[in-house]
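Open the model in your viewer and keep the selection panel at hand. The stops below say what to select next and what is there.

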Amino acid sequence: MTGSDRTTGRPLHTEQGAAYAGILGIGAYRPARLVPNAEIVEAIDSSDEWIQQRSGIKTRRFADDSETVIAMSVAASRGALEQAGVDPRQVDCVIVATVSHLLQTPSAATAVAHEIGTDQAAAFDISAACAGFCHGIALASDLVRGGSARYVLVIGVERLSDITSTTDRGTAFIFADGAGAAVVGPSTVPAIGPVVWGSDGEKFDLIRTREDWRDVLASEKPVMPHLVMQGNEVFRWASYSMAKVAQQALDRAGVTVDDLDCFVPHQANNRITDAMARAMRLPAHVRIARDIIDAGNTSAASIPLALERMIRDGEAKSGDVALLVAFGAGLSYAAQVVTVP
Ligand SMILES: CC(C)(COP(=O)(O)OP(=O)(O)OC[C@H]1O[C@@H](n2cnc3c(N)ncnc32)[C@H](O)[C@@H]1OP(=O)(O)O)[C@@H](O)C(=O)NCCC(=O)NCCS
């Protein structure tokens, strides 16, 4: 079957947006409580050494009751807006990427929009797990260029500690909490490259919450459905496939690894990051995000958190060329080259 373009009908007025879009500001919120491996190991019969060797993680942060998905999103957004020099009332779209906003409806985004002070903004959540932030950046770029919005707030936020079992050996030491945000708006130069994204639904079960709500309610002792992961298979898939996706994102943006200043992959596992860097033959001058060491895997929040840290530490400076590559449950993935704000 082939599709065909529409050729008939009354022509309607359409909008034209900015010629180009870019990330104008980045913000982050890290929960106060640091949780070292020592606090995790007993319940999963593990060790600090094993966790560091296999994943790179030394500590992570878990949110307390006041550090809700919405509160962390608002805090990260304020930082991004401040860096961008954009008044909250100018934001006309808020996109929250998350899998751990525990209300089925309404979205977290409407509350975030209200709390930052922009009640007129379009606001919605997206569910693309660890790839959510890069999906959001792609949407925001197209909204700005298509004329549907001028300033878009993209937030990646998780409280994975709510949906991770402390006794699950395959996940308890990996997942953590936090929020990162970016303001996307008009740019006089192209500053967000084309997205390379996709999914592999055949691998739907590799990372998922174990039960849906019906199964939970049907059980004798209902507990919060928690994340389960076939880590080994995810590891092989990511190490093998994501370098190719990253290379396509570079090609489509018209740059090579030599032009790159920073590599900001999803902070899933330092060994996956190493495998990607090797496969892409990243030159020694490219700075690589290693936020996972003390942030753990914060899913949708991991890339903005890692980028914010690189900027704060002076590893990424304004105008640098950065490659973002995100992948996770679904399985789903998205990658793009961006200019550091
Ligand atoms: C989870 C992960 C770190 C596990 O590492 P791994 O090397 O694949 O570990 P394996 O499952 O093959 O297990 C290796 C050994 O460690 C043991 N092990 C598993 N979990 C352990 C733990 N938490 N502590 C100590 N030992 C553990 C296993 O029992 C096994 O022992 P054996 O060799 O005696 O049988 C790794 O698979 C991974 O990072 N996967 C991808 C995670 C990811 O990216 N997730 C997010 C995507 S968004």
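**Stop 1: an aromatic cluster**

Select W237 and Y333: both are buried (under 20% relative accessible area; over 50% is exposed and in between is partly exposed, with a 1.4 Å probe and protein chains only). Before going further, note that this is a predicted model, in which local features need pLDDT of at least 70 and side-chain atom pairs count only at pLDDT 80 or more, while totals for chains, interfaces and linings use all residues. Residues are numbered from 1 along each chain as its sequence is written, and side-chain values use heavy atoms, with hydrogens and water left out.

Ring pairs join W237, F327 and Y333 into a cluster. Rings of Phe, Tyr and Trp (its six-membered ring) pair if their centres lie within 6.5 Å; planes under 30 degrees apart are stacked, over 60 edge-to-face, and the rest tilted. Over the whole structure, a search finds three aromatic pairs. For W237 and F327, the ring centres are 6.4 Å apart and the planes stand at 70°, so this pair is edge-to-face. W237 sits in helix 7 (residues 231-253) and F327 in strand 13 (residues 321-328), 90 residues apart. Helices (H or I, at least four residues) and strands (E, at least two) are DSSP runs, numbered from the N terminus. Both W237 and F327 are buried. The pair of W237 and Y333 is tilted, with 6.4 Å centre to centre and 50° between the planes. Y333 belongs to strand 14 (residues 332-339) and W237 to helix 7, so this pair ties together parts that are 96 residues apart in sequence.

**Stop 2: the nonpolar cores**

Select I23, I137, V152, V184 and V264. In the largest nonpolar core, which has 37 residues, these touch the most other members. A nonpolar core is a set of buried Ala, Val, Leu, Ile, Met, Phe, Trp, Tyr and Cys residues joined through side-chain atoms within 4.5 Å. Helix 5 (residues 132-146) gives the most to this core, with six residues.

Which residues does I23 touch, leaving out those up to four places away in sequence? They are I137, A182, V183, V184, I192, V338, T339 and P341, where contact means heavy atoms within 4.5 Å. Another core, of 30 residues, lies apart from the largest one; select A238, A243, A246 and L323, which are among its members.

**Stop 3: the ligand**

Select the ligand and the 22 residues around it, of which S46, R54, G231, N232 and N269 come nearest (a residue is near if one of its heavy atoms lies within 4 Å).

- S46: a side-chain N or O atom is 2.6 Å from a nitrogen atom of the ligand.
- G231: a backbone N or O atom is 2.9 Å from a ligand nitrogen atom.
- R271: a polar side-chain atom is 3.4 Å from an oxygen atom of the ligand.

The ligand on its own has 950 Å² of accessible area, of which the protein covers 71% (Shrake-Rupley method, 1.4 Å probe).

**Stop 4: backbone exceptions**

Most residues other than glycine have a negative phi, and most peptide bonds are trans. Select T105 and P106: the peptide bond between them is cis, with omega near 0°. P106 is in the loop between strand 4 (93-97) and helix 4 (108-116). The bond from G330 to L331 is also cis, with omega near -15°, and L331 is in the loop between strand 13 and strand 14.

Finish with A129, not a glycine, yet with a positive phi of about 50°. A129 is in the loop between strand 5 (122-126) and helix 5.

Conventions
Polar contact = N/O pair within 3.5 Å; in protein donor to acceptor, adjacent residues only side chain to side chain.
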